[in-house]
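Thank you for making time this morning.

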Amino acid sequence: RLPCARGRPVRIAVDELPVCRGGVGWRVSVGALVLADWVLRHPSVCEGQAVLELGSGLGVTGLAAARAGAARVCLTDAVP
């Protein structure tokens, strides 16, 4: 559990797949950081909403959506 906006806790569950050769997913993309920053600056976009992040990688943007007050966040990714 993490502290969240408005004092609500965020529960995070992680199901991991083994990493394949090539080191996929070892860093946060610049695009994820930019979008996470935007979400945190505009929390009304996510507040009370269900958010689905496709190709989430390390999940930074989805975590930002949870911090911004999303009611539910689902992060998805796959190992090629």
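Predicted model: local features only at pLDDT ≥ 70, side-chain atom pairs only at ≥ 80, totals over all residues.

Let me start with T61, which lies in helix 2.

Is T61 buried or exposed? With a relative accessible area of 9%, T61 is buried, because the cut-off for that class is under 20%. Leaving aside residues up to four places away in sequence, T61 touches A32, L35, A36 and E53. A32, L35 and A36 belong to the part of helix 1 that meets helix 2, whereas E53 falls within strand 1, which covers residues 50-53.

Let me now take the helix pair by itself. Helix 1, residues 30-41, and helix 2, residues 60-67, have axes 8 Å apart and pack at an angle of about 5 degrees. Helix 1 and helix 2 are therefore roughly parallel to each other, given that angles under 35 degrees are placed in that class. On the helix 1 side the contact is made by A32, L33, L35, A36, V39 and L40, and on the helix 2 side by V60, T61, A64, A65 and R67. Sorted by class, this contact of helix 1 with helix 2 holds nine nonpolar residues, one polar and one charged.

W38, found in helix 1, counts as partly exposed, at 40% relative accessibility, and its C-alpha atom is separated by 9.2 Å from that of A64, although W38 and A64 are 26 residues apart along the chain. P43 lies in the loop between helix 1 and strand 1 and counts as partly exposed, at 27% relative accessibility. P43 and A66 are 23 residues apart in sequence, while their C-alpha atoms are 9.6 Å apart in space.

Turning to the strands, how do strand 1 and strand 2 run, and how many bridges join them? Strand 1 and strand 2, the latter being residues 72-75, run parallel and are joined by four bridges. Within this pairing, V51 stands opposite V73 in strand 2. Taken together, strand 1, helix 2 and strand 2 make a β-α-β unit that is right-handed.

The connections of that unit deserve a word as well. S56 lies in the loop between strand 1 and helix 2 and is buried, with a relative accessible area of 10%; not counting residues up to four places away in sequence, S56 touches L75, T76 and D77.

Finally, let me step back to the whole chain. The protein chain contains two helices and two strands, and from the N terminus on its elements run α-β-α-β. Of its 80 residues, 22% count as buried. Among contacts between residues at least 6 apart in sequence, 44% join residues that are at least 24 apart.

To return to where I began, T61 is a buried residue of helix 2, the helix that sits between strand 1 and strand 2 in the right-handed β-α-β unit.

Terms used. Residues numbered from 1 in each chain as written. Heavy atoms only, no water. Axes fitted to C-alpha atoms, helices over the stretch in contact; angles between N-to-C directions. Parallel < 35°, antiparallel > 145°, perpendicular 65-115°, else oblique. Contact = heavy atoms within 4.5 Å. Nonpolar A, V, L, I, M, F, W, Y, C, P; charged D, E, K, R; others polar. Pairing = 2+ DSSP bridges. Right-handed = clockwise from strand over helix to strand, strands pointing away. Buried < 20%, exposed > 50% of the residue type's maximum accessible area, 1.4 Å probe, protein only.
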